[in-house]
Amino acid sequence: KGAVSRLRAAGVPIHSADIGGLVLRLHDAQQTVSYYEGARAHAERFEAYGDRLLDLANLVRKGRDISESSYREARVFIARARGQVDEMCRDTPLILSPAATGPAPQGLAFTGNSSLNSAWTALGTPGITTPMPAPGTLPLGLQITAPHGQDARVLQAAVRIEALFPG
């Protein structure tokens, strides 16, 4: 039984919202801001240690290629999106979404694709993921988010929802 069906059966009111495009654009904006700021924050370290920084060296290289105008545009978009999400949450106090594009990968080398949660990082909203059992694979995650400052609401919802998905 799917997560939405289980939640509805438990009396949780669910409303669909098409936020896929917004989430993808926020992911791109968050990456722009992260790489741009990371490159500048670690420039001196990169000059001293170069490729020995491994992934951090790649971040600096990518971030150096981002123009200041692209960075500013990404910040403006994030600010506007924050208002859009706050407005959406006036009618729907929580947003439920997948936490990743699929089940967690085996092993510890890679945690999976972060594109579905980087949007909430960009907005600075509280978020938590509860596991949902998935037959024949590692659990899937159901991500719960709400507007900035609504941490208690997210935590309360997570406790309630997790009780509906026994491991």
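The points below go from the overall fold to the cores, the largest pocket and some local features.

1. The model is a predicted one. Its protein chain contains 7 helices and 3 strands, arranged along the sequence in the pattern α-α-α-α-α-β-α-β-β-α. The C-alpha trace extends over about 55 × 40 × 25 Å along its principal axes.

2. Burial and contacts across the chain. Of the 167 residues in the protein chain, 34% are buried. Among contacts with a separation of 6 or more, 63% are between residues 24 or more positions apart.

3. The largest nonpolar core. This core comprises 20 residues, and Leu-26, Ile-78, Val-85, Trp-120 and Leu-123 have the most contacts inside it. Two or more of its residues are given by each of helix 2 (20–41), helix 5 (68–91) and helix 6 (118–123). Helix 5 provides the largest share, with 7 residues. Another core, of 13 residues, lies apart from the largest one; Val-12, Leu-142, Ala-146 and Ala-158 are among its members.

4. Surroundings of Trp-120. Which residues does Trp-120 contact, once its neighbours within four places in sequence are left aside? The partners are Ile-19, Val-23, Val-85, Ile-95, Ser-97, Thr-125, Gln-143 and Thr-145. Val-85, one of these partners, is also listed with Trp-120 among the residues with the most contacts inside the largest core.

5. The largest pocket. The space in this pocket amounts to about 1,000 Å³. Its lining consists of 44 residues, of which Leu-7, Ile-95, Leu-96, Ser-97 and Leu-142 are the closest to the centre. By type, the lining residues comprise 27 nonpolar, 14 polar and 3 charged. Two of the residues closest to the pocket centre, Ile-95 and Ser-97, are also in contact with Trp-120. Leu-142, likewise among the closest to the centre, belongs to the core of 13 residues.

6. Elements around the pocket. At least two lining residues come from each of helix 1 (3–9), helix 5, strand 1 (95–98), strand 2 (127–132), strand 3 (140–145) and helix 7 (151–164). The largest share of the lining, 6 residues, is that of helix 7.

7. The buried side of helix 4. Ala-57, Leu-59, Val-60 and Gly-63 are the buried residues named in helix 4 (residues 55–64). Why do they lie on the same side of helix 4? They do so because the arc they cover around the axis is only 160 degrees. An α-helix has 3.6 residues a turn, so residues three or four places apart point the same way. The buried residues of helix 4 pack against helix 2 and helix 3 (43–49).

8. The loops on either side of helix 4. Leu-54 is in the loop between helix 3 and helix 4. Its phi is near 55 degrees, a positive value in a residue other than glycine. Leu-54 counts as exposed because its relative accessibility is 60%, and the cut-off for exposed is over 50%. Asp-65 sits in the loop between helix 4 and helix 5. Asp-65 also counts as exposed, at 69% relative accessibility. Tyr-35 and Asp-65 are 30 residues apart in sequence, and their C-alpha atoms are 9.1 Å apart in space.

Conventions. Residues are numbered from 1 along each chain as its sequence is written. This is a predicted model: local features need pLDDT of at least 70, side-chain atom pairs count only at pLDDT 80 or more; totals for chains, interfaces and linings use all residues. Side-chain values use heavy atoms; hydrogens and water are left out. A nonpolar core is a set of buried Ala, Val, Leu, Ile, Met, Phe, Trp, Tyr and Cys residues joined through side-chain atoms within 4.5 Å. Buried means under 20% relative accessible area, exposed over 50%, partly exposed in between (1.4 Å probe, protein chains only). Helices (H or I, at least four residues) and strands (E, at least two) are DSSP runs, numbered from the N terminus. Contact means heavy atoms within 4.5 Å. On a 1 Å grid over the protein atoms alone, a cavity is a set of points where a 1.4 Å probe fits but cannot get out, and a pocket is an open set with protein on both sides within 12 Å along at least five of seven lines; lining residues have an atom within 4 Å of a point. Grid points are joined across faces, edges and corners, and a volume is the space filled by probe spheres set on the points. Ala, Val, Leu, Ile, Met, Phe, Trp, Tyr, Cys and Pro count as nonpolar, Asp, Glu, Lys and Arg as charged, and the others, Gly among them, as polar. The arc is that of the directions from the helix axis to the C-beta atoms.
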